[in-house]
Amino acid sequence: MLCTQAYISCRACLKSQPCLPPSTGVIKVYSEDNTSRAVEVPSDITARDICQLFILKNHCIDDHSWTLFEQIPHLSIERTIEDHESVMEVQSGWGMDSHCCLYFRKNYAKYEFFKKPLDFFPEHMVSISSETNGIMNHSQLIQTFLSSSSCPEIHGFLHAKEHGRKSWKKFYFVLRRSGLYFSNKGTSKEPRHLQFIAEFSDSDVYTLLSGKKVYGAPTDYGFCVKASKLNSARDLKLLCADDEQTRTCWVTAMRLFKYGMQLYQNFIQPHQKQKSSPMRSISENSLVAMDFSGHKSRVIENPSEALSVAVEEGLSWRRKSCHRLSSHGSPSTSQSSMSSIAIHVAQPWFHSKLSRDEAQKLITQQGLIDGVFLVRDSQSNPRTFVLSLCHTQKIKHFQILPVEENGELFYSLDDGHTRFTDLLQLVEFYQLNRGVLPCKLKHHCARITL
């Protein structure tokens, strides 16, 4: 049985009297490259416990984005298993002949709606019955979803697959605490025109993995509502949005309506632990930039000067590293060039021979929020690279072109105006500066092997 001190402590009994150990079971977890590991775990283990276990076993950085996914291949659907959910209960609903599986990977968008709710809930899709007259800030919007006394409503057009038919039809849908409805008369919300579709106490919302191919969906932005104990295609309430932002709004609202305050507790729990940890007693804010170049050291108070000094120190360190890498033989321009070319290969954000479609799929899986990125080889030009970046829930691709000058090779995103000696330097620069990009590079897409 795999066991960690962190897991033992989080399961410590709050009372002093002895308690019987929980029964155990075996789960099998996959990574994105389809490697897997089977582990024996307590029957009351949660999705967050599983993530913590694999974070420790794989020496991952815990940035609170690691997530357990439930994937049902024969239905071509998947969903985020919420951090508090019992993994054994999820497995118990699969059935004996099921090929369902658990995936461990990053999901940067899991709780992003708590930080930027207005990006997730477009104004034209949300109605709030309150005294705010439709004008709400970030905290007020989330509070309406978390409070049982307020009545937020999501509304808009969706494509729905008609039961027993291959055709899809567009209806006006309304999502309330009581469930999901569609109007059988245009955009009317009168009770006599609203037809009940599903409620969420015993159902979950999934995204479609191959909606067009498997279900003939009109767009790539399909999702569905599935009852917990039902596992056939005819039991799915199949829906499809016209764009990613619309789908994200519906799916996020359904998660909030089902779990409410529990989702917020899941979001703040790791941050509370981090604050109380003695390892965090020295904050980053207590660190200062220093200049040791003169006879006396001094504190650099100007932020611009501190940044330029940090960049210069980084470049100096990089030049020394490249010199060490090329010093096995006689140092030459070609060897130095080779060392700078190869320095990106070991970086977690570099994905080598990844196609455009595969890059889009990987970024989508890990969260369509601003700044999620990866770097890959260009499929059309073997001498160039491509930066794939998510911005406003859309994935954009930027060519990284090689630039030669005086026998030296540089890389640039803006036709040579801003040049970098290697891809690592380029990525680090755009993590600090937006430059020609629509946003800074924030979260890299990484694949791990279990």
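Q: What is a salt bridge?

A: A salt bridge is a side-chain nitrogen of Lys or Arg within 4 Å of a carboxyl oxygen of Asp or Glu. In this structure, which is a predicted model, Glu 70, Arg 79, Glu 85, Asp 204 and Lys 258 are linked in a network of such bridges.

Q: How many salt bridges does the rule give?

A: The count comes to 19 salt bridges. One of them joins Asp 83 to Arg 48, with the closest N and O atoms 3.0 Å apart.

Q: Why does the pair of Asp 83 and Arg 48 tie together parts that are apart in sequence?

A: One looks at where each partner lies. Asp 83 is in the loop between β4 (77-81) and α3 (87-92), whereas Arg 48 belongs to helix α2 (residues 47-57), so the pair connects parts that are 35 residues apart in sequence.

Q: Are Asp 83 and Arg 48 buried or exposed?

A: A residue counts as buried when its relative accessible area is under 20%. Asp 83 has a value of 5% and is buried; Arg 48, at 13%, is also buried.

Q: Where do Lys 106 and Asp 63 lie in the chain?

A: Lys 106 is in strand β5 (residues 101-106), and Asp 63 is in the loop between α2 and β3 (66-72); this pair links distant parts of the chain, 43 residues apart. Their side chains meet in a salt bridge of 2.7 Å, N to O. Lys 106 is buried, with a relative accessible area of 5%, while Asp 63 is partly exposed at 33%.

Q: Which residue does Glu 190 meet in a salt bridge?

A: The partner of Glu 190 is Arg 192, at 2.9 Å from N to O. Here Glu 190 is partly exposed, at 39% relative accessibility, and Arg 192 is exposed, at 63%.

Q: What is the order of the strands in the open sheet of 5 strands?

A: The order is β19-β18-β17-β16-β20, and the pairing is mixed. The edge strands, β19 (408-412) and β20 (443-444), each pair on one side only. Strand β16 (residues 372-377) runs parallel to β20 and is joined to it by 2 bridges; in one case, Val 372 has His 443 in β20 as its bridge partner.

Q: Which strands does helix α13 touch?

A: Helix α13 (residues 423-432) packs on the sheet and touches β16, β17, β18 and β19, with its direction at about 160° to that of β16. Helix α12 (residues 356-366) lies across β16, β17 (385-391), β18 (394-405) and β20, and runs at about 155° to β16.

Technical notes:
Residues numbered from 1 in each chain as written. Predicted model: local features only at pLDDT ≥ 70, side-chain atom pairs only at ≥ 80, totals over all residues. Heavy atoms only, no water. Pairing = 2+ DSSP bridges. Helix = DSSP H or I, 4+ residues; strand = E, 2+ residues; numbered from the N terminus. Contact = heavy atoms within 4.5 Å. Axes fitted to C-alpha atoms, helices over the stretch in contact; angles between N-to-C directions. Buried < 20%, exposed > 50% of the residue type's maximum accessible area, 1.4 Å probe, protein only.
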